[in-house]
Amino acid sequence: MDQIYELLAITLGAILANNFIFSQFLGICPFLGVSKKVDTAVGMGMAVTFVMGLASAITWLVNTFILIPFDLGYMQTVAFILVIASLVQFIEMFLQKSMPSLYTALGVYLPLITTNCAVLGVALLNIQNNYNFISSVVYGITGGLGFLLAIVLFASIRERLVFADYPKSFEGFPIALVTAGLMALAFMGFSGLKIW
Amino acid sequence: MNFGKQLKEGLITNNPVLVQVLGMCSTMAITTSIMNGLGMGVSVLIILTASNVVISAIRKIVPDKIRIAMFIVVIAGFVTCVDLLLQAFVPAIAESLGVFIPLIVVNCIILGRAESFSYKNGIAASFVDGICQGIGYTLVLLAMCFIRELLGAGTLAGFRIIPEQFPIGVLTLPVGGFLVLGCLIAAMQWALSRNKK
């Protein structure tokens, strides 16, 4: 039972209370870069969720069965980033073959997942929080879902920003950041959410 | 070599954060106190300069196709060094920066400079570029820290300036990061467009 409660707590935390974007500042670059249209935002969010889940699983295994037994803890960063980079490369080839439309929609942003701090961040946080295998994978996937939720909401607001009347110098990133700030304020409301 | 021009680019016209809009995560996440900002800024400055020099030195022997992977390995190596050094000599800063030190690996500024500058230029120019862009990044961090710590917590580097009941607490929360950075970029765009006229 304890395990189930823990997983539930992780899920709610990763999606709402400790959302990767709005409270941990991980994965801001793609969040700002790929959120001009809802369709691409959905694609990006799903790709990130997928990569985060897989990366959590693989980096946990690498850490537990390779780095710790051989006392190579200090190689963590290097090992993880290599795992993530090759994983992204693999997904890119897979999408190119099986889903060309999604592949062209994601375009340059797919390789950029490698440098998405949310992916490396979730791998490092799993180790830092001493999660076991199942918790790590759940944290990875739900963290990705939190990212998906955030980026889709943000993209739909941004589509409407075209009609808004704001000072000229706020055009582009500044107004997007202010919008994201207000959304972060809204998400702060979830921080009271606690389950035992 | 024109040091002056590169410095001006790094600080103003091509500032990594305010104009290229790279490296947002760390810029917003750790800028809650001046010490954090300084620690992060200097770490990035050192890693950026070192990796710029190494990448520019090996640029002729690296095949085009695997260059990104090579860049990342070089950067990850330097990040690990800096991480271990910080843990050994300034554990307090290492503690408060936490996961954001290893995350310098995926800081887009460093990879961006590797791809757009040091892969195409000589060692000396890359060295200067690393320092200039690093200073540009550090200055933005310090500006953010200054605003958020002074107005949000009422202190500066730990010393109380504004009495405890007045500060705008929300500025030290994630919300403040987004809003302050948004306003800074807007101010920069305003200043640049005014300059053009």
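How many residues does the contact take from chain B and from chain A? It takes 34 from chain B and 35 from chain A, where contact means heavy atoms within 4.5 Å. This is a predicted model, in which local features need pLDDT of at least 70 and side-chain atom pairs count only at pLDDT 80 or more, while totals for chains, interfaces and linings use all residues. Residues are numbered from 1 along each chain as its sequence is written, chains are lettered from A in the order in which they are written, and side-chain values use heavy atoms, with hydrogens and water left out.

**Where the chains meet**
- About 2900 Å² is buried between chain B and chain A, and carbon and sulfur atoms give 86% of that; buried area is the accessible area (1.4 Å probe) that two parts lose on being put together, summed over both.
- On the chain B side, B:Cys25, B:Val106 and B:Phe178 lose the most area to chain A, together 22% of what that side buries.
- You'll find 0 salt bridges between the two chains (a side-chain nitrogen of Lys or Arg within 4 Å of a carboxyl oxygen of Asp or Glu).

**Chain B itself**
- Chain B has 8 helices and 2 strands; these are DSSP runs, with helices (H or I) of at least four residues and strands (E) of at least two, numbered from the N terminus.
- Along its principal axes, the C-alpha trace of chain B spans about 60 × 50 × 25 Å.
- Of its 197 residues, 51% count as buried, meaning under 20% relative accessible area (1.4 Å probe, protein chains only).

How values were computed
Buried means under 20% relative accessible area, exposed over 50%, partly exposed in between (1.4 Å probe, protein chains only).
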